[in-house]
Every structure is written in structure tokens, then in C-alpha cells.
Amino acid sequence: MTKNLIYFLGGVAAAVLTKSVACSPKTRKLCVNTLAKGILTKEKVNSQIATIKQDVEDLCAEARAEAAKQA
């Protein structure tokens, strides 16, 4: 019984601590900056994927043309 009570109180303490840390201006700024960098990285990766996809489509079109020429 006391073991469960200790876990419960630990959970409550963790929730209170997390809320106070998350509401801190420094933490908020850090989170915003991290998310902004993540968004920029995602956009760069999506751009690179689009370029790769176009290159593969071009290769496939050339391969089809070459196969039709050989047939």
C-alpha cells in the first residue's frame, strides 16, 4: 500500500515540476527554437526528396524510351 502511495506522490510531484518548468520563459524559447529548426529541416528534406523523385522519374522515362527503341 505505501509503495503505491509513494509512486502516486512521485507522479504528482513530477507533474507539478514539469508544469513549472514548461511554463518558464527560457524553456518556452528553447522549445520554440527547437521546433523551428525541426520544421526547417523537414522542409529541406522534403525539397531534397522531391528532387530525387524527379531524377528517378527522368531515369525511368529514359529507360522506357531505350527499352522501346530496343524492342
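Is T51 buried, partly exposed or exposed? With a relative accessible area of 40%, T51 is partly exposed, because that value falls between the 20% under which a residue counts as buried and the 50% over which it counts as exposed. The structure in which this residue sits is a predicted model, and the account below begins with the chain as a whole before turning to individual residues.

The chain contains 2 helices and 0 strands. Helix α1 covers residues 2–22, and helix α2 covers residues 25–70. Along the principal axes, the C-alpha atoms fill a box of roughly 80 × 35 × 5 Å.

How much of the chain is buried? Buried residues account for 0% of the 71 residues. The chain exposes about 6,700 Å², and carbon and sulfur atoms supply 67% of that area.

Helix α1 may be considered next, through one of its residues. I6 lies in helix α1 and has a relative accessible area of 59%. I6 is therefore classed as exposed, since the value is over 50%. Between I6 and V56 there are 50 residues of separation along the chain, and their C-alpha atoms are separated by 58 Å.

From G38 to D55 the separation is 17 residues in sequence, and the distance in space is 26 Å from C-alpha to C-alpha. I49 also belongs to helix α2; its relative accessible area of 48% makes it partly exposed, because the value does not pass the 50% cut-off for exposed residues. I49 and V16 are 33 residues apart along the chain, and 42 Å separates their C-alpha atoms. T51, the residue of the opening question, lies in helix α2 as well.

The charged side chains form the next topic. The chain carries 11 positive and 6 negative side chains, and the centres of the two sets lie 26 Å apart. How many salt bridges does a search of the whole structure find? The search finds 1. This salt bridge joins K69 to E66, and the closest N and O atoms are 3.7 Å apart. The pair meets the criterion because that distance is within the 4 Å limit. Both residues lie in helix α2, where they are 3 residues apart, about one turn of the helix. Their accessibility classes can be set side by side: K69 is exposed, with a relative accessible area of 65%, whereas E66 is partly exposed, at 36%.

The cysteines remain to be described. A disulfide is a covalent bond between the sulfur atoms of two cysteines. The structure holds 0 disulfides. C31 counts as partly exposed, at 41% relative accessibility. C60 is likewise partly exposed, with a relative accessible area of 36%.

Methods
Residues numbered from 1 in each chain as written. Predicted model: local features only at pLDDT ≥ 70, side-chain atom pairs only at ≥ 80, totals over all residues. Heavy atoms only, no water. Helix = DSSP H or I, 4+ residues; strand = E, 2+ residues; numbered from the N terminus. Buried < 20%, exposed > 50% of the residue type's maximum accessible area, 1.4 Å probe, protein only. Areas by Shrake-Rupley, 256 points an atom, 1.4 Å probe, with all protein chains shown as cover. Lys, Arg positive; Asp, Glu negative; His and termini not counted. Charge placed at Lys NZ, Arg CZ, Asp CG, Glu CD. Disulfide = S-S within 2.5 Å. Salt bridge = Lys/Arg side-chain N within 4 Å of Asp/Glu carboxyl O.
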